[in-house]
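Trainee: I have a model open and want to learn how to read it. Where do I start?

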Amino acid sequence: PLVSGYAASLGIYAPVEVINLQQTTETVMAEIPNVAVNVQVGLSLKLPGFGEDLAASLISELPSDTLSLVGADSDKSLQAAYLAGADVVMCKWEYIQERGAPAVVQAARDLFKREE
C-alpha cells in the first residue's frame, strides 16, 4: 500500500497484486485503487475452471471504483475474466504467440458482441 500510494501521488498507476481473499480484503481496507488478480501464483489445485472461479470471486469482493486487472492465457480464461467483470484483461505473450494476435483480438470482439 505504501508504494502504491506513493506511485499514485506521482500520477503513476501501480496495481497491487492479490492471489487470495485475505490479500484482496487488505487492499480493499487500504483503499488501493488498482488491483491485479493473479490466480496462477501458488495455485496447487489443477481443477478445470478453478482459477477462473477464484478470479471471479476475488473481483466480486472489490469496490466498484477499484480497477481490476486479470491475465488471460487462453480463450477460456479470456472469456472467464470478461464474464467475471474484470476491468482490464491482459493477454499473456505466450497466448498471443500460440493463437496469433488477430485470433486473440477476434476472440475479445466476439465477447463484446454477445453483450449487444
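Mentor: We will go from the overall fold to the sheet, then to a salt bridge and a pocket. Keep in mind that this model is predicted.

Trainee: Which elements make up the chain, and in what order do they run?

Mentor: The chain has six helices and four strands. Read from the N terminus, the order is α-β-α-β-α-β-α-β-α-α. Of the 116 residues, 29% count as buried.

Trainee: Now the sheet. How do I read the strands?

Mentor: Start with the general idea. Strands in a sheet pair through backbone hydrogen bonds, and the pairing is either parallel or antiparallel. Here, four strands form an open sheet in the order β1-β2-β3-β4, with parallel pairing.

Trainee: Which strands stand at the edges?

Mentor: β1 (16–18) and β4 do. Each has a single partner strand, so one side of each has no neighbour in the sheet. From one strand to the next, the twist averages 30 degrees.

Trainee: How many bridges join β1 to β2?

Mentor: Three bridges link β1 to β2 (residues 34–37), and the two strands run parallel.

Trainee: Next, charged contacts. How many salt bridges does a search of the whole structure find?

Mentor: The cut-off is a Lys or Arg side-chain nitrogen within 4 Å of an Asp or Glu carboxyl oxygen. A search of the whole structure finds one such bridge. Asp-75 and Arg-99 form it through their side chains, at 2.9 Å from N to O.

Trainee: What does that pair tie together?

Mentor: Asp-75 lies in helix α4 and Arg-99 in helix α5 (residues 93–99), so the pair connects parts 24 residues apart in sequence.

Trainee: How accessible are Asp-75 and Arg-99?

Mentor: Asp-75 is partly exposed, with a relative accessible area of 32%. Arg-99 is also partly exposed, at 37%.

Trainee: Last, pockets. What volume does the second largest pocket have, and which elements line it?

Mentor: Its space is about 200 Å³. Three elements each supply at least two lining residues: α4 (75–84), β4 (88–91) and α6 (101–115). The most come from α6, with five residues.

Trainee: How do the lining residues divide by type?

Mentor: The lining of the second largest pocket has 11 nonpolar residues, no polar ones and one charged. Among the lining residues are Leu-78, Tyr-82, Asp-87, Cys-91, Leu-111 and Phe-112. Select these on screen to locate the pocket.

How values were computed. Residues numbered from 1 in each chain as written. Predicted model: local features only at pLDDT ≥ 70, side-chain atom pairs only at ≥ 80, totals over all residues. Heavy atoms only, no water. 1 Å grid on protein atoms, 1.4 Å probe; cavity = no way out; pocket = protein on both sides within 12 Å on 5 of 7 lines; lining within 4 Å. Points joined across faces, edges and corners; volume = space filled by probe spheres on them. Nonpolar A, V, L, I, M, F, W, Y, C, P; charged D, E, K, R; others polar. Buried < 20%, exposed > 50% of the residue type's maximum accessible area, 1.4 Å probe, protein only. Pairing = 2+ DSSP bridges. Axes fitted to C-alpha atoms, helices over the stretch in contact; angles between N-to-C directions.
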